[in-house]
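Colleague: I'm new to this one. Can you walk me through it?

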Amino acid sequence: MRGLVYSVLRRRASVRWYAGGEVGRDVVERLVEAATWAPSAHNAQPWRFVAVFSRGVKERLARLMGERWLRDLVGDGVPADRARAMVEESVKRITGAPVVIVVALTMRDMDRYPDERRSRAEFLMAVQSVAAAIENLLIAAEAEGLGACWMCAPLFAPEEVRCVLRLPDDFEPQALITLGVPAEKPEKPPRKPLREVLRFDTWC
Ligand SMILES: Cc1cc2nc3c(=O)[nH]c(=O)nc-3n(C[C@H](O)[C@H](O)[C@H](O)COP(=O)(O)O)c2cc1C
């Protein structure tokens, strides 16, 4: 059991390109159920998921988020040709995935505070809870033999995502997960050595 868990954790890698095979709704349900076993602050379970199978919806989502990204890139001074190529690749990745799962956060069942310091901590707890759920989902996808990639685009284009998916006002888009049968076996990017990220007792 221990060996199995560690090996799945090590094996998971972001897969960005997918082969043609379908992913069934039953698989998506298993993955999202696995996601919901993540810990969450106050057990508030502030995660919400929208699984998109429709080619048209994926296309609208990718295009609208892409337009927003293009404006940002050009505003940053990236040459228009280069910016368009980056956006096109992102659109291809999203529309080329058999399923995309948009993950949103809701503060509906989180605690409320009158002050900024505690409100911010509460919001961060919701973000951390959603991130824990996403990691569960990615690990479960690996265990299913599927590939997945966490994409941050919805964070940069929340209104566009809300509009395409007709999300309720309290849903705050956090991430988009592309999912499918891998068409690539990506190299696992190296990790910083433990001595750089771990200290015992105190930092120095
Ligand atoms: C919060 C977050 C946002 C990410 N956003 C993107 C993204 O927009 N596009 C992408 O290709 N990968 C994205 N990734 C995946 C990372 O690039 C990837 O996890 C990292 O390079 C380590 O590689 P690995 O997942 O294969 O171990 C994101 C990961 C996280 C945790």
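This is a predicted model: local features need pLDDT of at least 70, side-chain atom pairs count only at pLDDT 80 or more; totals for chains, interfaces and linings use all residues.

**Around the ligand**

Modeller: Let's start with the ligand shell. Its residues divide into eight nonpolar, one polar and two charged. Here Ala, Val, Leu, Ile, Met, Phe, Trp, Tyr, Cys and Pro count as nonpolar, Asp, Glu, Lys and Arg as charged, and the others, Gly among them, as polar.

Colleague: Which residues surround the ligand?

Modeller: Ala13, Ser14, Arg16, Cys149, Trp150, Met151, Cys152, Ala153, Pro186, Lys188 and Pro189.

Colleague: How many helices and strands does the protein chain have?

Modeller: Eight helices and four strands. From the N terminus on, they run α-α-β-α-α-β-α-β-α-α-β-α.

Colleague: New topic. How many residues are in the largest nonpolar core?

Modeller: The count is 38. Val100, Leu137, Ile177 and Leu179 have the most contacts inside it. Elements that give it two or more residues include helix H2 (25–35), helix H5 (116–143) and strand S4 (172–180). H5 gives the most, with eight residues. Such a core is a set of buried Ala, Val, Leu, Ile, Met, Phe, Trp, Tyr and Cys residues joined through C-beta atoms within 7 Å.

Colleague: And what does Val100 touch?

Modeller: Val52, Lys58, Ile94, Leu176, Ile177, Thr178 and Leu179. That leaves out residues up to four places away in sequence. Contact means C-beta atoms, placed from the backbone, within 7 Å.

Colleague: What about Arg166, buried or exposed?

Modeller: Exposed, because it has 8 C-beta neighbours inside 10 Å. The cut-offs are 20 or more other C-beta atoms within 10 Å for buried, 12 or fewer for exposed, and partly exposed in between; C-beta atoms are placed from the backbone.

Colleague: Where is Arg166 found?

Modeller: In the loop between H7 and S4.

Colleague: Last one. What share of the protein chain counts as buried?

Modeller: Of its 204 residues, 27%.

Notes:
Residues are numbered from 1 along each chain as its sequence is written. Two residues are in contact if their C-beta atoms, placed from the backbone, lie within 7 Å. A residue is near a molecule or strand if its C-beta atom, placed from the backbone, lies within 6 Å of it.
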